[in-house]
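Subject: Structure handover

Hi,

Here is the structure for your modelling work.

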Amino acid sequence: MKTLKTSKKWYSILTLNLLLLATACDSFVAVDLPKSQLTQVAVFEDNATAHAALNDIYAKIRDKGILTGANTGISNQLANYTDEMVAYGTPTNPSLPFYNNALLPTNSGIADYWNSSYNQIYSANALLEGIAASTKLTTEHKKTLQGEALFIRALVHFYLANLFGDIPYIKTTDYQKNAIVSRLPIDQVYNHTIEDLKQAIVLLSESYSTTERIRANKWVAKSLLARVYLYQQSYDKALQEANEVIQQSDLFVLEEDLDDIFLLQSKETIWQLQAPVAGQNTQEGAVFIFETAPPPLVALSNLLVNSFDTGDQRKTHWIKAVTDGNAVWYHADKYKERNFTGTSKEYSIVMRLAELYLIRAEAKAHLGHTSGAIDDLNLIRFRAGLSATTAATKEAIITAVLQERRLEFFTEHGHRFFDLKRYNLLDAVLSGTKSGWTTYHRLFPIPQIELSTNPNLRPQNSGY
């Protein structure tokens, strides 16, 4: 099966198809494709070209939009938006509006999240429609392609909903329908997400198609489903899905060495995004690591750095100090490489096993299984060199889990923001530390151009 490094045999076909697709999808309300593009039969007459088209969608997710590891992605921007990072540099630094909590409906970064996401969703829908119409693809390949496309559609909608609130859930490439689509309440978005993930789980294999874990399988879809159920407060279902993933000990193991967790071959990785070329590492490393002070763009906040308990080895292994001789700044050091290496050493990890243990711990606490919750929580604490938690009650355990998530997942795809949001703690935590923070900042504004193009998307989110 092909990896993201598409073979030259199909390069010319895909370059044309996907270049045209990209130029046609600046806005999801204007994504009707000419007959010669991705929806054309030719792409789906061969297993290899169909897989290459799917791999291109993964590449889009890696390179642009919400989950990109570049400084425009949420690993950086939501860290600035909350209390994990501080933005520096000139007024052109795209992180400054996020750090100052000064986003406007005309912000180009917000428009990019919206447009790139619906571009990716459109691509997944085009793939699903092309697969359904194909008479050339084998049944096995159809199932794999459909399962992964459904996973991608669910994944992107899930992040959009948690950033923007009520959003459209797009399941078609039909321009006439998409041009007048309306926003759905987030509960309905979650229901559609769950439906897509359940279908994906049935279709997907339990094994990975490559050793690098760069394509979704059944356990990747189940991991996301566990998270969706957790956010939905369906704790019994979150517990069940997390437990099933954790039980796959032949695939997933908590790495004992903190420096091994973010390596390409980490057994803790559930899903990661492949670097575009051999020898390249993560965009996160290039963004977060700086070697001279003051920081050129961003640095970890002192509030985060000082929140680690004495002896917490995550502070030692995942945070690095840089000084100019007078002052000290800190950068995230989870990914160690910021430049090309002879062989890629790190890929951008989107899901890893530690999250499933903490999902299970949180779900158990809500369900009253306090001893089991403590056991899962302590697995993460012990690995960090800490002693057992002193939390004993349901409320104390939940607070302890949230603190552990803060220290375990800082600068990873917005976990801090989403955790504070789902527990209604954004105001309590950020109003005292961020001078620009206001309650309505719990949602991003809908891009103004989208509201102007499609009145059915109105009203604008409150406060904007």
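First, the ground rules. This is a predicted model, where local features need pLDDT of at least 70, side-chain atom pairs count only at pLDDT 80 or more, and totals for chains, interfaces and linings use all residues. Residues are numbered from 1 along each chain as its sequence is written, and side-chain values use heavy atoms, with hydrogens and water left out.

Over residues 97-230 the chain is 67% helix and 0% strand. The end C-alpha atoms of that stretch are 30 Å apart. Over residues 322-464 the figures are 43% helix and 8% strand, with the end C-alpha atoms 38 Å apart. Helices (H or I, at least four residues) and strands (E, at least two) are DSSP runs, numbered from the N terminus.

Helix 14 spans residues 353-366. Its axis and that of helix 15 come within 7 Å and cross at roughly 150°. That makes helix 14 roughly antiparallel to helix 15. Axes are lines fitted to C-alpha atoms, for helices over the stretch in contact, and angles run from 0 to 180 degrees between N-to-C directions. Angles under 35 degrees count as roughly parallel, over 145 as roughly antiparallel, 65 to 115 as roughly perpendicular and the rest as oblique.

The crossing of helix 14 and helix 15 is left-handed. The term left-handed applies if the near helix is turned anticlockwise from the far one by less than a right angle, and right-handed if clockwise. On the helix 14 side, the contact residues include Tyr-357, Leu-358 and Ala-361. Helix 15 brings, among them, Ala-373, Leu-377 and Ile-380. Contact means heavy atoms within 4.5 Å. By class, this contact of helix 14 with helix 15 has nine nonpolar, one polar and four charged residues. Ala, Val, Leu, Ile, Met, Phe, Trp, Tyr, Cys and Pro count as nonpolar, Asp, Glu, Lys and Arg as charged, and the others, Gly among them, as polar.

Helix 15 (residues 370-383) also meets helix 16 (residues 394-408). Their axes come within 11 Å and cross at roughly 25°. The two helices are therefore roughly parallel to each other. Helix 15 passes helix 16 in a left-handed crossing. Ala-373, Leu-377, Ile-380 and Arg-383 of helix 15 are among the residues in this contact. Helix 16 contributes residues including Ile-397, Val-401 and Glu-404. The contact of helix 15 with helix 16 divides into seven nonpolar, one polar and five charged residues.

**Helices 6 and 17**

Helix 6 (residues 139-164) and helix 17 (residues 415-422) have axes that come within 11 Å and cross at roughly 60°. They are therefore oblique to each other. This crossing is left-handed. Tyr-159, Ala-161, Asn-162 and Leu-163 of helix 6 meet Phe-417, Phe-418 and Lys-421 of helix 17. Those residues divide into five nonpolar, one polar and one charged.

**Buried spots**

Helix 3 (residues 74-81) is mostly covered, with eight of its eight residues buried. Buried means under 20% relative accessible area, exposed over 50%, partly exposed in between (1.4 Å probe, protein chains only).

Glu-268 lies in the loop between helix 10 (235-246) and strand 2. At 0% relative accessibility, Glu-268 counts as buried. Glu-268 touches residues including Arg-352, Ala-354 and Arg-383. Val-253 is 15 residues from Glu-268 in sequence and 5.2 Å away in space, C-alpha to C-alpha.

Thr-269 is in strand 2 (residues 269-273). Thr-269 is buried too, with a relative accessible area of 0%. Its contacts include Tyr-208, Arg-213, Phe-252 and Arg-352, not counting residues up to four places away in sequence.

Tyr-190 sits in helix 8 (residues 186-203). Tyr-190 counts as buried at 6% relative accessibility. Tyr-190 touches Phe-158, Asn-162, Val-228, Tyr-231 and Gln-232, with the same exclusion of residues up to four places away in sequence. The C-alpha atoms of Tyr-190 and Ala-154 are separated by 8.8 Å, with the two residues 36 apart along the chain.

Best wishes
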